[in-house]
Amino acid sequence: MKLNAETLHIHHERVLLQTRKPNLSSLSRRDQLPTVQRVQWSSLSNKAALGFPIRLSSTTSALDIRRCFLSKCNSQDTLDSFEQNPDQEFSQESFQVSVQGKQAPILKILKESNSFLPHVVLASTLLAIFYPPSFTWFTNRYYAPALGFLMFAVGVNSSEKDFLEAFKRPAAIFAGYVGQFIVKPLLGYLFGIMSATVFGLPTPVGAGIMLVSCVSGAQLSNYATFLTDPPMAPLSIVMTSLSTATAVFVTPLLSLLLIGKRLPVDVKGMVSSILQIVVAPITAGLLLNRFFPWICSAIRPFLPPLSVFVTALCVGAPLAINVDCIVSSFGLLILSLIIAFHLSAFIIGYYLPGIFFHKAPDVKALQRTLSFETGMQSSLLALALANKFFQDPLVAVPPAISTVMMSLMGFTLVMLWAKKRVTS
């Protein structure tokens, strides 16, 4: 009776094993068990797992069969749990990768929208010429907040250490100042005289060209430097701020020497413009980046497209407001003189620093920075001064053209130099 009961019990366990789906991978895992245990019941477990009938021998007992069955179940459960967790981790990682894959193109487009700036500026120029009402609403009162926003974008992507490092390069700062208030006024005087003596243009046009060469550096040069060589942006800001601060005294003096007429400047208004356009936005961006970096991380991807849009407005508005004078019979000739004027400044500003700073480790970046600083200046300020202090409206035509061409030429260089720097 004992043998029959034991045989029935073994037969029942064999039926249970046959109903369970075999898993060949579990066999390989059981083969890794210690040798002593495998010798005792590995053959039984293999047969049971494959559904073969188990033949009892004199050395086989019901305890061996139970051990075989329990080992089969435990190894299968262990294998199931081992296989289940990697699947869960893989699914979570794949989900995160898929989400990042969906977000990455959007963030990439936002961050790389600066590369479209020359195309956007060109499109805004054409739009301002053929449909001026699209920009005439952007009047002079919007210029300061718009340029201030561009400076805020630079401040968010900078730190106070960058500006401390910039002041450690007084020679480079002095070179930028010389390019802005010595090289550029000499070029302005040359092209202003040529406009009247060689090309027979009215004297107010030549005065407008000279006026453009007398004003301080453009805040757009800081933004162009930031797009091309971000580490050099604080140095460019220091150069522009210095030229803007001293323009209160230098601009009237240069205007007196070049134009022959003292040009009154609103000192309080100039200081207020400096604070609004340069100091306050940069400081706000630096403080925000210092104390609330998570906010900067959240808004940083959206700053490039907004900056492109604001720059297009600053370029298109002066052109749209003065479009009648620009498209006049001598407008093309003025355009050619302005292009030659700025092109000469860009070239001189690039190659002269290469001679004096050829031993600097970042000489190429410094050349690009000084080229922007020399070739780009505050034509919007010259336009405002021309409208306020000169009765002849022709004086305002060169500054209006200069605003457009300076931006187009500068940001074309941004596109070329930034692409070359990435590929090199």
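A: Let's begin with a term: two residues are in contact when they have heavy atoms within 4.5 Å of each other. This is a predicted model, in which local features need pLDDT of at least 70 and side-chain atom pairs count only at pLDDT 80 or more, while totals for chains, interfaces and linings use all residues. Residues are numbered from 1 along each chain as its sequence is written, and side-chain values use heavy atoms, leaving out hydrogens and water.

Now find Ile338, which sits in helix 16 (residues 331-356); helices here are DSSP runs of H or I with at least four residues, numbered from the N terminus. Ile338 counts as buried because its relative accessibility is 0%, and buried means under 20% relative accessible area (1.4 Å probe, protein chains only). Setting aside neighbours within four places in sequence, Ile338 has contacts with Ile209, Pro398, Ile401, Ser402 and Met405. The C-alpha atom of Ile338 is also 8.3 Å from that of Phe191, although the two residues are 147 apart along the chain.

Next, look at Ser195, which belongs to helix 8 (residues 170-197). With 0% relative accessibility, Ser195 is buried as well. Apart from residues up to four places away in sequence, Ser195 touches Gly200, Leu201, Gly206, Ile209 and Leu337.

Note on methods. Helix = DSSP H or I, 4+ residues; strand = E, 2+ residues; numbered from the N terminus. Buried < 20%, exposed > 50% of the residue type's maximum accessible area, 1.4 Å probe, protein only.
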